[in-house]
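Look at the sequence and the 3D structure below. The briefing that follows covers the ligand site and the salt bridges.

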Amino acid sequence: MSLPMTRPEPGLPAKVTIYEVGARDGLQNEQTAVPTDVKAEFVRRLLAAGLPIVEATSFVHPSWVPQLADAADLMAGLVDDLGDTARDLPVLVPNDRGLDRAFALGLRHVAVFASATETFANKNLNRGLESQFEMFEPVVARALDSGVDVRGYVSMCFGDPWEGAVEPEQVVAVGKRLLDLGCHQLSLGDTIGVGTAGHVKDLVAAFGAAGVGPERLALHFHDTYGQALANVHAGLQAGVTTYDASAGGLGGCPYAKSATGNLATEDLVWFLTGLGIEHGVDLSAVAATSVWMAERLGRPSPSAVVRALA
Ligand code: HMG
Ligand code: MG
């Protein structure tokens with residue numbers, strides 16, 4: 001079978017946006033740097049497969065994430081090739097220097113990435129929980145002044161490898177700060193994949209109680225313990241309609257102990273198609289892209305759907 005049978009479940013959203021993070025979250029964690037032309041081809045193929053949003057790279061410190069040190073070359077090449085379409089690909093920027101680099105290429109969508117925990121803020125951003133906001137505040141203000149919109153990620157929303165369980169209230173406090181700065185959407189990251197379905201519902205409900213509805217939220221699951229699709233189901237039941245995923249299940253965070261691949265885009269597409277939820281993605285095209293990328297990386301995709309389709 002190349003597509004699942006469809007049986008809608010009452011009460012779920014009719015349409016979902018898949019926010020593809022393979023070229024960024026996926027490739028930031030590879031042992032060897034992927035050549036820039038292969039990254040560009042990956043992005044082009046993901047767009048051709050119908051993915052509506054393709055996060056392309058990060059303008060972070062090149063020695064912190066050497067795998068993405070070619071961010072400017074990648075984006076300049078994509079702008080030459082795709083024109084304004086490339087300027088609509090979102091990129092991560094942690095600070096003013098990162099935003100300057102994105103501005104230099106005329107990019108129109110950026111994301112800042114905060115931590116819900118003190119320890120991970122230190123490990124990932126080299127500053128504490130409180131001072132991360134001092135770094136983001138001018139970035140978001142300058143971006144918005146220039147008509148560039150800003151997504152806000154929050155990492156370690158369920159558990160943290162150093163601090164253990166993370167309470168929803170702690171995540172809401174960090175997320176609200178990002179929204180107050182001017183982020184248009186929050187992506188709630190289960191960086192190490194320890195979230196489970198009831199916890200997802202509690203977290204979305206805690207945001208709701210603080211006045212932040214599911215339409216402002218995205219869910220970003222890593223599939224370390226195989227819970228990502230169950231967690232998506234819980235998110236759908238709670239009304240969230242944007243899900244981050246990574247083609248082939250690539251991914252992880254180099255600064256988070258035990259972080260593994262993201263929820264695979266193909267697994268998500270299969271799941272949503274089975275529920276009759278509209279997503280606009282061509283499953284066979286994205287799976288073929290993951291097979292192609294797996295050949296370049298020299299190991300098979302961890303996605304169950306990619307393997308089954310192959
Ligand atoms: P720092 O060392 O504290 O930076 O790093 P600094 O502000 O002290 O600057 C030191 C030098 O770095 C300066 O150069 C800066 O210009 C330069 P000098 O004046 O000494 O010659 N510099 C830069 N150069 C290029 N681009 C930049 C940049 N910034 C400073 N943007 C910093 C602080 C935030 C930069 C560093 O910690 C960093 O780059 N961290 C990024 C870590 C990262 O990318 N992690 C993975 C992404 S997050 C993730 O994967 C989670 C997510 O998927 C959600 C989830 O799963 O939970 C989003
Ligand atoms: Mg991630």
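How many residues in the shell around ligand 1 are nonpolar, polar and charged? The shell has ten nonpolar, eleven polar and five charged residues. Here Ala, Val, Leu, Ile, Met, Phe, Trp, Tyr, Cys and Pro count as nonpolar, Asp, Glu, Lys and Arg as charged, and the others, Gly among them, as polar.

This is a predicted model, in which local features need pLDDT of at least 70 and side-chain atom pairs pLDDT 80 or more, while totals for chains, interfaces and linings use all residues. Residues are numbered from 1 along each chain, chains are lettered from A and ligands numbered from 1 as written, and side-chain values use heavy atoms, without hydrogens and water.

**Shell around ligand 1**
- Of the 26 residues around ligand 1 (a heavy atom within 4 Å), those that come nearest are Gln28, His61, Asn95, Ser155 and Thr191.
- At least two shell residues come from each of α1 (22-26), α5 (96-103), α6 (118-125) and β6 (149-155) (DSSP runs: helices H or I of at least four residues, strands E of at least two).
- Helix α5 gives the largest share, three residues.

**Contacts of ligand 1**
- A side-chain N or O atom of Arg24 is 3.0 Å from an oxygen atom of ligand 1.
- For Asp25, a polar side-chain atom lies 2.9 Å from a ligand 1 oxygen.
- His61 places a backbone N or O atom 2.9 Å from an oxygen of ligand 1.

**Salt bridges**
- The count is 15 salt bridges (a Lys or Arg side-chain nitrogen within 4 Å of an Asp or Glu carboxyl oxygen).
- One of them joins Asp70 and Lys39 at 2.8 Å, N to O.
- Asp70 lies in the loop between β3 (57-58) and α3 (71-82), and Lys39 in helix α2 (residues 36-48), 31 residues apart.

Definitions and conventions. Polar contact = N/O pair within 3.5 Å; in protein donor to acceptor, adjacent residues only side chain to side chain.
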